[in-house]
Amino acid sequence: MAELADTTDDPGRARRMSGAAVVAAVMAVASPVLGLATILVWLGLPAEWAPTKTVSPQSAVVFTFPAVGAFLIYHRPRLNMAWLMCAGGLAAGISDVSSALMFRAAAGGELALAGWLRVPTQLGWAVCGLALTMVLPLYSPDGRLPSPRWRPALWLGCLSIMAATVHNLFRMTPPREGYPYPEVIPSPLGIPALAPYMESVNVVGWAGIYTAMALSALSLLTRMRRADPATRRQIGWPLFAFAGYIVFLVLAAIWPVFMWPAIVWAAAIPFAVAFSVMRYRLYGIDTVVSRALVAAGLVIVVSAVYFGAGALSGLVVSGYDQVAGITAALFAGAFFQPLRRALQRVVDLLLYGAVGDPGVLAGRLTQAVRRGDPAEALTSVVSVLRDGLAVEGVAVEVADGEPRYVESGRVGPAAREVPLVWHGTRVGRLLVGPPGPRRFPAAHNERVLATLTPYAADVAHAVRMAADLQRSRERILTAREEERRRLRRDLHDGLGQTLSAMAMTINMARLSLKSSPEAADELLRELHTGMGAVTSDIRELVYGLRPPALDDLGLAGAIRDLAGRSSSGVEAEVEIGGDLSDLPAAVEVAVYRIVQEALTNIRRHAGASRATIAVHREEGVLRMLIGDDGRGLPESHRAGVGLGSMRERAAELGGICVVTGEPGAGTRVEVALPLTSTPPVIIR
């Protein structure tokens, strides 16, 4: 929009931009026309003059580079890369049509003209190769060299192209023997003095060409390592395109079957450059590059391992080809997974820097979690996740936690939801906002989530447990005061009044013992009845403090008694392991109450026909499992009073209580209580 405004204010600049667009359009039209003319000339050649290869990557360049370059010039007239694309494509068209006309002239007997047509053929090839395979990647994506230190690479490309062109233009006319065509096309610019050195010049030139191409791609790699995330994303497109083209071109030099992939890849290069300049934010090039590099590395290394192991096995166990093949396959398979992980770490580090390595993020998160309480750790989790995913916001919502919701940035209304599950129990959810301005969702996002979500679940569980602990302490204090109030009321209003009345009855009986023995006997009879009521009141007070079955039957017997008194429709099986006779009183009460609550839930809600109660005492811990074959927990399950009380009783003793169960698969209550040498002290 700024460029359009400038053209309105500056008529001269508008005319220059219009002229640039016209020139670009002419080049964009002329190049495909030359390409089509080349095809028609090749098709009209006699069979004996038709080369075995008439199509090359340069043929694809003619049709795609000028068109895309003209498009970029229309939008950004001063973009030098676009002019390189147009010039290189036009040079490729001139080279191709000159080559075809050279053979056409030779087939018509005009050998001298054919010899001179080699000049535009080689010059067009030189301009195309230099502009598109060396200069263009060096100047991508912003139209400038990465730094002055890369000028030697540019000069190497120029000198190498020049050396190859010198060889092609100034070599002597080849001899008739072994020439593949009916007549020898002469070399009008041949220099006899250079003949002894021409092969060396050709070898050096092509070695320099391949080296300069590799350095050009390496310049993009260097830019990516030092760039910010937005520029990395932009560089990814041309890096992927040029690197792929170089790989296929080198493979085609060894195995000609790879020439067609090289041609297709060459045709795609200008579109990659255009994406990097105009629309790089809209496409996941880092995903493409990441997977392509990992796949290529796997293919190369695993193939090398396979063939190497096969060759070595063939030498050691000569004559047993099947054994050699199996050995090679086993070696390649053993290398596959470790190599894939190593390559993925390297690619992530290359594309995203430190935040792209989930292991580094996990280390940062571990250090942050160690330094703070659960609430502070949750804030660290949110910050690290937002940094690692490069999104606008991340939030964690903890079920029944305090704080219940922590957000970094802004997640927005369309946030992605990731459940946080701790040992089968959903403890909250992770909300991931839209991609930030630095980059878009990338290949490593799922790996980051897979690595850090368990940490987030652990911290969410810790926050939840801290909140549960605080609520449990508050309930314990409340319950203690309520219990004191109840005991005071029962002792004062019930037992105290009864004892006072009994004392008065005793005094009245003493006064009337001599004067009226019958009245004294009646009073003593009432006193006896009152004593029975007092005994009943005291028993109720004692039962409220500790289940009497624990003292009468022991813990094992009390559990069997509870199982026997469960619903008639539920068959309860009890399994006891270890000695439960000398457990601390608090542990006995907690186990009894948890079993009692679990059996109550089975009877009321589970719809089960069978239940199992297993209590095992191990070294330093008492483990308990209560399971049933009922309907299980619903998907939208939230812990009620009963399940909460079981967790609280376990937490009071430093243990854990986990309740799990899939719908239709029954429910499991697993409890682990630590056993210490000294029983815990409970303050009343």
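Guide: With strand pairing: two strands count as paired if DSSP finds at least two bridges between them. Keep in mind that this is a predicted model.

Visitor: Which residue of β7 is the bridge partner of arginine 617?

Guide: Leucine 622 is that partner in β7. The strands concerned are β6 (residues 610-618) and β7 (residues 621-628), which pair in the antiparallel sense over eight bridges.

Visitor: In what order do the strands of the open sheet lie?

Guide: The order is β5-β6-β7-β9-β8, five strands with mixed pairing. β5 (571-577) and β8 (656-660) each have a single partner strand, so one side of each has no neighbour in the sheet. From one strand to the next, the twist averages 10°.

Visitor: Which helices pack on the sheet?

Guide: Helix α16 (residues 548-564) touches β5 and β6, and its direction makes about 170° with that of β5. Helix α17 (residues 585-606) touches β6, β7 and β9 (668-674); its direction makes about 10° with that of β7.

Visitor: Now the surface. Which residues form the nonpolar patch?

Guide: Trp206, Tyr210, Val250, Ile254, Trp255 and Val257 form it, with about 580 Å² of accessible area together. α7 (198-226) and α8 (229-254) are the elements that give two or more residues to this patch.

Visitor: Where is tryptophan 255 found, and why is tryptophan 255 called partly exposed?

Guide: Tryptophan 255 is in the loop between α8 and α9 (259-279). Partly exposed covers what lies between buried, under 20% relative accessible area, and exposed, over 50%. Tryptophan 255 is called partly exposed because its relative accessible area is 47%.

Methods. Residues numbered from 1 in each chain as written. Predicted model: local features only at pLDDT ≥ 70, side-chain atom pairs only at ≥ 80, totals over all residues. Heavy atoms only, no water. Patch = residues over 30% accessible without salt bridge, like charges linked within 9 Å, V, L, I, M, F, W, Y side chains within 5 Å. Areas by Shrake-Rupley, 256 points an atom, 1.4 Å probe, with all protein chains shown as cover. Salt bridge = Lys/Arg side-chain N within 4 Å of Asp/Glu carboxyl O. Helix = DSSP H or I, 4+ residues; strand = E, 2+ residues; numbered from the N terminus. Buried < 20%, exposed > 50% of the residue type's maximum accessible area, 1.4 Å probe, protein only. Axes fitted to C-alpha atoms, helices over the stretch in contact; angles between N-to-C directions. Contact = heavy atoms within 4.5 Å.
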